[in-house]
Amino acid sequence: MTSEADQGSVLARRLAAVHDGIDAAARAAGRDPREITTIVVTKFHPASLVRQLAGLGVRDVGENRHQEAAHKAQELADLDLTWHFVGQLQTNKARLVRRYANVVHSIDRPALADALGAAEAYGAASAPLDCFVQLNLTDDPGRGGVAEAGLEPLAEHVLSMPGLRLLGVMAVAPLGEDPPRAFARVQASSQRVRALSADAYRISAGMSADYAAAIAAGATHLRIGSAITGNRPGHG
Ligand SMILES: *Cc1c(COP(=O)(O)O)cnc(C)c1O
C-alpha cells in the first residue's frame, strides 16, 4: 500500500527528473529553458493528482477529453491553473470547452475554429482564445490535425477571427517515424505559419518519450504525461 505522502514524493521525483531533462535538452540546443512551457497531461488521472501537481508548482495542465476536463476544471476551480485542451474536438462541444480551456491545441478545421471563435462563445468583452493549429504528420485523417497542404488556409482562417489568437503549430510525432525527422517537418511548417503572422511562432510538440528531440527542433510547449504522472489508470 502506498500512502498519499509516498505518492507525492514519487510524483515530485518524476517532475524534478523531467525538469532536469528539459534543462539539459535546452542547454544542448543553446536555448533558454525559461522560454519553454511544460504542460503536464493528466488525462485519465483523478483531480486529486492534479491538485498534488499544483502543490508541486505545476501551473499548466493538459486534458484531451471534454467531459473529463470539464469535471476536473470545476473541481479545481480554486487553483490558479492554465487548462490546455489537447485532444480531438467535436464542433458541437467547442462552446463548452471554451468555458474552462485557456488554450486549445487541436484546431484542425475551419468549422472548429468558427465554433471556438464565434462571438457568442466568448462574449464581446472577454479576451480571444489562445490556440494552436494541429498538423497531422501521418497519412491517416483519423489521427487528428490538418494535412500539410491545408495548413496555411487553416492558419489564415484562424488569423482572420477576432475571437482567436493563433500561438502557432501543434503536432504529435507519428509512431513509426524518427522523432527528429518528424519534428524537422513541424519546424518547417512552423516557418510557413510564421510567414503569415510573426506572432504565431510557437510550437507545441514533444511528449514523454520524445521531448528532448522536440526541444532541439524549437518546441516552446511540451505536453508531457506519463513521464510525470506514471502510467494512466487502465491505459498502461
Ligand atoms: C496523452 C497526450 C500527451 C502526453 O503523452 P505521454 O506520452 O504520456 O507524455 C501529449 N499530447 C497529446 C495530444 C496527448 O493526447
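**Helix packing around α7**

In this predicted model, α7 and α8 cross in a right-handed sense.

Q: Which residues of α8 does α7 meet?
A: The α7 side of this contact consists of Leu 151, Glu 152, Ala 155, Glu 156 and Leu 159. Together with their partners, the contact residues divide into 5 nonpolar, 1 polar and 3 charged. The partners in α8 are Ser 189, Arg 192, Val 193 and Leu 196.

Q: How are α5 and α7 oriented to each other, roughly parallel or roughly antiparallel?
A: Helix α5 (residues 110–117) packs with helix α7 (residues 151–159) at an angle of about 15 degrees, and their axes lie 10 Å apart. Roughly parallel applies to angles under 35 degrees, roughly antiparallel to those over 145. The orientation of α5 and α7 is therefore roughly parallel.

Q: How many residues of the contact of α5 with α7 are nonpolar?
A: In this pair, α5 passes α7 in a right-handed crossing. Pro 110, Ala 113 and Asp 114 of α5 make the contact with Leu 154, His 157 and Val 158 of α7. Of these residues, 1 is polar and 1 is charged, and the number that are nonpolar is 4.

Methods:
Residues numbered from 1 in each chain as written. Predicted model: local features only at pLDDT ≥ 70, side-chain atom pairs only at ≥ 80, totals over all residues. Heavy atoms only, no water. Axes fitted to C-alpha atoms, helices over the stretch in contact; angles between N-to-C directions. Helix = DSSP H or I, 4+ residues; strand = E, 2+ residues; numbered from the N terminus. Parallel < 35°, antiparallel > 145°, perpendicular 65-115°, else oblique. Left-handed = near helix turned anticlockwise from the far one by under 90°. Contact = heavy atoms within 4.5 Å. Nonpolar A, V, L, I, M, F, W, Y, C, P; charged D, E, K, R; others polar.
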